[in-house]
Amino acid sequence: MHLSAADDHPLLQPLMIGGLTIENRLIVAPMAGVTDNPFRKLCKSFGAGHAVSEMIIADTALYARKKSLYRANFDGEIAPISAQIAGAEPDKLAQAAQYQVDNGAQIIDINMGCPAKKVCRKLAGSALLQDEDLVARLLDTAVNSVNAPVTLKTRLGFENGAENILRVAKRAEQAGIAAIAIHGRTREDMYTGLARYELIREVKNSVNIPVIANGDIDSAQKAQEVYDLTGCDAVMIGRAAQGQPWIFRDIEHYLRTGERLAPPSVSEIKQIVLTHLEALYEFYGEYSGCRIARKHIAWYTTGIPNSNAFRQAMYGEESTAGQFYVVESFLSAHE
């Protein structure tokens with residue numbers, strides 16, 4: 001499909017969530033341990049219209065933990081700021097929502113999509129989809145607890161053959177949820193197989209709130225394809241942005257012109273990686289900065305010749321200065 005060279009592609013238009021305007025409809029999915037403040041800013045610099053924070057568990061006892069403080073840090077971010085919370089007790093979820101609004105969040109996102117065992121064991125994340133009455137209570141309580149739009153991130157259902165996303169979406173709309181993001185898999189699927197978009201289309205046709213499609217959107221063409229299949233109001237990109245935050249620029253260019261952008265050169269990747277590393281070091285400090293940067297460096301360098309040997313050496317670097325030096329040297333050698 002070739003598009004006319006115009007800016008009027010629906011996914012490049014602003015999106016209203018509650019009374020707030022998001023610049024375009026290309027959204028960074030919340031990913032634990034990935035979508036921190038530096039990564040959200042980086043994706044927005046490449047044209048993402050919106051980014052949701054990492055999941056914060058709704059437990060006041062955990063808020064003072066170092067990890068939670070980093071996750072709830074929105075310094076210097078482009079508004080509107082969206083904080084994701086997860087929990088299975090309505091009163092705790094309400095407290096978490098209010099805490100994040102007081103902390104600067106303008107949108108609260110509820111996680112009913114995370115398939116991780118440690119989250120599901122607490123009957124949070126996608127495990128909640130087994131109990132629709134509890135889902136309803138959580139959504140009602142969260143919406144009524146804050147003077148801010150509340151959104152929902154969820155999956156098709158808990159297990160295959162028992163997909164209940166249509167009921168959950170309608171109940172979310174009744175509760176006053178401002179938008180719903182749907183990953184096209186069940187909890188049972190985890191991240192295996194292919195995302196299924198037919199049910200997302202059915203949800204889009206049955207509710208009047210924005211429906212955001214998520215799952216397997218890993219290229220500009222795929223973003224267009226998912227839009228065509230679902231009629232969604234926005235697309236949400238997660239794993240495909242790991243190590244290639246420029247995917248948002250690629251999608252924007254393709255939707256505007258119908259042309260594919262060439263992949264970035266090693267020189268450009270070097271510039272992006274080193275800028276990202278400096279942001280991580282500044283945000284987390286020496287010890288955590290060095291360690292958190294490792295996975296990002298591994299993603300960025302996948303596919304570059306000799307990157308396996310490089311990564312093994314890089315993992316051994318214990319200081320930010322040493323890490324920065326080996327990354328810069330490796331990428332410079334491949335320019």
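I note that the model is predicted, so local features need pLDDT of at least 70 and side-chain atom pairs pLDDT 80 or more, while totals for chains, interfaces and linings use all residues. Residues are numbered from 1 along each chain as its sequence is written, and side-chain values use heavy atoms, without hydrogens and water.

**Cavity.** I searched a 1 Å grid over the protein atoms alone for sets of points where a 1.4 Å probe fits but cannot get out; lining residues have an atom within 4 Å of a point. Points are joined across faces, edges and corners, and the volume is the space filled by probe spheres set on them. I found 1 cavity of 30 Å³ or more. Of its 13 lining residues, Val52, Asp109, Thr151, Ile212 and Met236 are the closest to the centre. The elements giving two or more residues to the lining are β4 (50–57), β6 (107–112), β7 (150–155) and β8 (179–183); strands here are DSSP E runs of at least two residues, and helices are H or I runs of at least four, numbered from the N terminus. I sorted the lining into 9 nonpolar, 3 polar and 1 charged.

**Strand β6.** β5 (residues 82–86) runs parallel to β6, with 4 bridges. Alanine 83 sits opposite isoleucine 108. On the other pairing, β6 and β7 are parallel and joined by 5 bridges. There, methionine 112 has threonine 154 as its bridge partner.

**Aromatic rings.** I searched for ring pairs of Phe, Tyr and Trp (its six-membered ring), with centres within 6.5 Å; planes under 30 degrees apart count as stacked, over 60 as edge-to-face, the rest as tilted. The whole structure has 5. Phenylalanine 310 and phenylalanine 330 have centres 4.1 Å apart and planes at 10°, so they are stacked. Phenylalanine 310 lies in α12 (residues 307–315) and phenylalanine 330 in α13 (residues 320–333), 20 residues apart. Phenylalanine 310 is buried at 8% relative accessibility, and phenylalanine 330 at 10%. I also logged one aromatic cluster of Tyr70, Phe283 and Tyr284.

Note on methods:
1 Å grid on protein atoms, 1.4 Å probe; cavity = no way out; pocket = protein on both sides within 12 Å on 5 of 7 lines; lining within 4 Å. Nonpolar A, V, L, I, M, F, W, Y, C, P; charged D, E, K, R; others polar. Pairing = 2+ DSSP bridges. Buried < 20%, exposed > 50% of the residue type's maximum accessible area, 1.4 Å probe, protein only.
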